[in-house]
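Colleague: I have a few friendly questions about how the terms are applied here. Shall we look at it together?

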There are 4 protein chains.
Amino acid sequence: MIILLKNQADQKQVDNLSSWLKSMGFDIHMSVGASQTIMGLIGDTSRLDIDVIKSLEIVENVQRVQEPYKNANRKFHAQDTVVSVNDEVKIGGGHFEIIAGPCSVETEEQIVYVAQRVKAAGAKLLRGGAFKPRTSPYAFQGLHEEGIRLLLLAKKETGLPIVTEIMDVNHLPLFEDVDVIQVGARNMQNFELLKELGQIRKPILLKRGLANTIQEWLMSAEYIMAGGNEQVILCERGIRTFETATRNTLDLAAVPVLRRLTHLPVIVDPSHATGYAHLVKPMALAATVAGADGLMIEVHNDPPHALSDGAQSLTPDAFDDVAKSVFAVRPYACR
Amino acid sequence: MIILLKNQADQKQVDNLSSWLKSMGFDIHMSVGASQTIMGLIGDTSRLDIDVIKSLEIVENVQRVQEPYKNANRKFHAQDTVVSVNDEVKIGGGHFEIIAGPCSVETEEQIVYVAQRVKAAGAKLLRGGAFKPRTSPYAFQGLHEEGIRLLLLAKKETGLPIVTEIMDVNHLPLFEDVDVIQVGARNMQNFELLKELGQIRKPILLKRGLANTIQEWLMSAEYIMAGGNEQVILCERGIRTFETATRNTLDLAAVPVLRRLTHLPVIVDPSHATGYAHLVKPMALAATVAGADGLMIEVHNDPPHALSDGAQSLTPDAFDDVAKSVFAVRPYACR
Amino acid sequence: MIILLKNQADQKQVDNLSSWLKSMGFDIHMSVGASQTIMGLIGDTSRLDIDVIKSLEIVENVQRVQEPYKNANRKFHAQDTVVSVNDEVKIGGGHFEIIAGPCSVETEEQIVYVAQRVKAAGAKLLRGGAFKPRTSPYAFQGLHEEGIRLLLLAKKETGLPIVTEIMDVNHLPLFEDVDVIQVGARNMQNFELLKELGQIRKPILLKRGLANTIQEWLMSAEYIMAGGNEQVILCERGIRTFETATRNTLDLAAVPVLRRLTHLPVIVDPSHATGYAHLVKPMALAATVAGADGLMIEVHNDPPHALSDGAQSLTPDAFDDVAKSVFAVRPYACR
Amino acid sequence: MIILLKNQADQKQVDNLSSWLKSMGFDIHMSVGASQTIMGLIGDTSRLDIDVIKSLEIVENVQRVQEPYKNANRKFHAQDTVVSVNDEVKIGGGHFEIIAGPCSVETEEQIVYVAQRVKAAGAKLLRGGAFKPRTSPYAFQGLHEEGIRLLLLAKKETGLPIVTEIMDVNHLPLFEDVDVIQVGARNMQNFELLKELGQIRKPILLKRGLANTIQEWLMSAEYIMAGGNEQVILCERGIRTFETATRNTLDLAAVPVLRRLTHLPVIVDPSHATGYAHLVKPMALAATVAGADGLMIEVHNDPPHALSDGAQSLTPDAFDDVAKSVFAVRPYACR
């Protein structure tokens, strides 16, 4: 960390700051110029609140040299992390897969049918919501325990591992047979939940919050990894901007940006990112060539009658076409 | 809800839509124009997913006529809600109060001293974080149970009711003697937590999420109220924009906007909204005359050494000045 | 346009509104329901200010049925517009081309060399700034007239038509031999400039403003087209959000969104959108498969010493690789 | 400027960078630490492109120490600038005034009547648009030359100096008798226009662009001041965010932020910032106590029939009330 002092900084105040920082275990490297004095801090500054330093009277500005995340940082872990689901399906490190399924699990018939169709089209994981975060308390909230039961039934029928969202630490026992646990955008900074998920040994699919920076997202992955669970998949699903023509704005550049910053796999959800079925295919292809390690796509047997997010779901036939196009373009992906 | 059909809508499809909506209990009012057919839905459309309707092939556009929140809606509850804390302190309906205290509870000495000072300056509630949502897993996370114990001690010393943040449903038993439970910005859409808080009978201070619209915020209040807990205080604390000169962008117009939409009290937190101590006073005064029902202000005995958010904390002396100015300007507030 | 009246709307006021609208040449279609009265306006409402109607006391809400742009609207012009540059190079309607060159024209040697290299790599148009919009008055502002002279020289050497930005109506005479005139993001709503460009008969490359919606962008195209110049190319170059890891946030979904709304060609500038050379390739590939009609890419012989935007420029060698990859993936593009 | 070099920076490359910077006239102060080498640049770095330096292979990060604006910078000009209009009306340095009038000048009767009313209520300057920047080419664009004639007539009748917006450098001769020239939000970065306005000696009211940072805004003021015209008034009028309940989001904290950064006066336009008449009063009061040097408020004799921005205009009666409240609260303003 580099601390830039004000020109008129009083020597006694400088000494005080220096002593305080040393007392916290940092080595200080002072560089006194004609017009500017700079303090370089050596040590683990991830514990230090940059805003506190900035607020000091004698400080002009502060700059972090190191990123505040470590476990997720590619600098300390050059090789790609490959997330392995039941030793069957791999994501990351050159492994690219599609996760598909309905927004919400509704009936046995629905989830089994969709599972069979997406499997036939090449998807390797089944998604489906049992606990649904809905803006309105009056909207359909998911089938809960019954939803997970139906997902497991579809898994039994098709062999596809399942991905489903957790909304509360207390529901964790219900997720025992779930293969990948999803943390939704609204819970990306539910730190208590993240800590708990750090204690288990199961892949976590961590969606980006709709107003969170890439760095904050990595810090949330760090919460999980700090607990010892290193199986984290990042999922870009659009951020909130002033544009209203789409539900969110897909920040596709996040994929190559993350490739440099972290070794964790990054997938893209074009369904939530755009909110419209007709935008899923172009954004799925774009994400693939931009170097994503996978896609998460909503597929529903009957989108107009879906109990949630019907507008953005593909029919199984439309998904066939998208998957085929994605696999065709995959060899051209950027790494 | 008004549904605008496409010009070329097939009569059979229109009939199907109409039947489906009727089966869901709505009355339909059709208006067939030369160039446009409009369906008016009468009934409780808060349960209906607007995006599903929009996604139908024959639909051009859909517009809600009613707001999707009811309990929080001023239309159905013209009179201001007055939130009463222990029958001692009132907020809303003409009652204006200041909540003040440190970002984090650190020591007994600190919290008691700050409590005494803010009380002397005119604050009627004491704030202090025991559970701290921190972006980094390596940053100070609060004293937890011990923090609440110290807050209660400060309450005993000063008589000030206490406000503190909850981060996990499972911590609820620890909050038994807490007077007002705060839901932080990052948990504004932690719906499972909101549902639980709807089951208790204690005032809830609901902060706005940093990328949430005013309507989403009211829907989160609705989650609490739908459970039967009508004691909700809304707290504007800045939204996230492209501007980097301040920590967040204080959306002060939200105060008069909410005044029309809801009967719930609205307070403003100028400390988190701006992130800098020197901006707290001008924004506190501005919020007061804009018609806020109260303020929430960070005060620390020694801001440069605060364990969190030191940059935005006022010293007790600075708070004296702010409180005095706020009370002086309060008679000129807009209603 | 659909006007929703308030429940308690006074009949006399309704009649007044109705008369006023009729006096402006609209046909009114009234639909009186039990709980809601709706007025449908038939006629050209693009001239009507939606905010004025909304502000009327008896009006609950207003909704446009028609988009407020006509010349640019695909509804009235189903076939793709193909912009033809000197009857040599075509963009749109299945024609895909790359525009490449340095941010600023610096020297004859530089521009001729870059032109030769980008031509060899497959680019069909040469870009280069002669007038540079710079945030700081102290930064390099371009070579102006001399810059255009050098561009024309490079054109003569290579045969590549040239694209360069105009910043002031008064400079128009200098652009006589320029093949495509660019309007930069900061001038997207410089309406006086747009009007003038509507009077000439030369392709206009209209960049999206950094905080403008897709609809506003089309309205700016409409300004040019309303003057009779229908040769408009839209260029997505990133919007401004809270994310700071990239210079802007590339809104790639704008490409398929625009495909539905307009018949005009849409190209993407991954250099300005991201601000970093290493992000240009993944975003160029992504834009291509998402269905863009072309790309605009910054190439500089010596990026570290470029007088502007060096950080985002590719070397000629890096551009060779990008162009090759783009052409390889182009057959898989979404339409 | 502080340049942080990468750990593995090659000595030859460091020397090259150093020589290059020296050749540009900078003094270099090297500070070689165990783990980090830092270069301090002494000299006028406002001419240096920070992004170019950042893009160099051996550079880890760069930080500006000095703000890139000088004329507008309070550091070099501690005393408040007082803008004087015709030696009659003063803004800044403790002088607070209200500018009021209709969005567009429509008729002689209208502008004279509104001028008389706002004067009676205490406004000291009359605003009115003759050239109107409208999103749609089909919307009312203002009366142009005739509009200015009518404004001058109202000035003659009431003695109020006039403020009106310029949209094109070529219209400058028409503004000879205009007292204050306004640059609208969409032209905040129309640099050619700013340069021309730097050549005249008349106060310029510079509105903030809807997606521009405070620093960019000051850089635009710098464009005017670099030409020698130091009479610049900054006007905050809302920025663009995801919130749709208001037209824009008023960034009121910009007022105290600017107070520290610049000596220029700062006023607030609550009408454009919010877009709704009922929000003007609370935001006008808020801006006043936050320390603004003035307000700009839209007033129309007949808002529902205004040719532009009727929704946000106050009636003269409503303005009487706002002005009275503003003057009452003004003594409590923060400085």
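Colleague: How do you know that the copies meet through the same surface?
Modeller: Contact requires that the C-beta atoms of two residues, placed from the backbone, lie within 7 Å. Of the interface residues of chain B, 100% are also interface residues in chain A, so the same surface is used by the copies.

Colleague: Why are strand 2 and strand 4 of chain D said to stand at the edges?
Modeller: The open sheet has four strands in the order 2-3-1-4, with antiparallel pairing. Strands are DSSP runs (E, at least two residues), numbered from the N terminus, and two of them pair if DSSP finds at least two bridges between them. Strand 2 (27-32) and strand 4 (59-63) of chain D each have a single partner strand, so one side of each lacks a neighbour in the sheet.

Colleague: What makes strand 1 and strand 4 of chain D a pair?
Modeller: Four bridges join strand 1 (residues 2-5) to strand 4 in chain D, and the two run antiparallel. Leu4(D), for one, has Asn61(D) in strand 4 as its bridge partner.

Colleague: How are residues and chains labelled?
Modeller: Residues are numbered from 1 along each chain as its sequence is written, and chains are lettered from A and ligands numbered from 1 in the order in which they are written. As this is a predicted model, local features need pLDDT of at least 70 and side-chain atom pairs count only at pLDDT 80 or more, while totals for chains, interfaces and linings use all residues.
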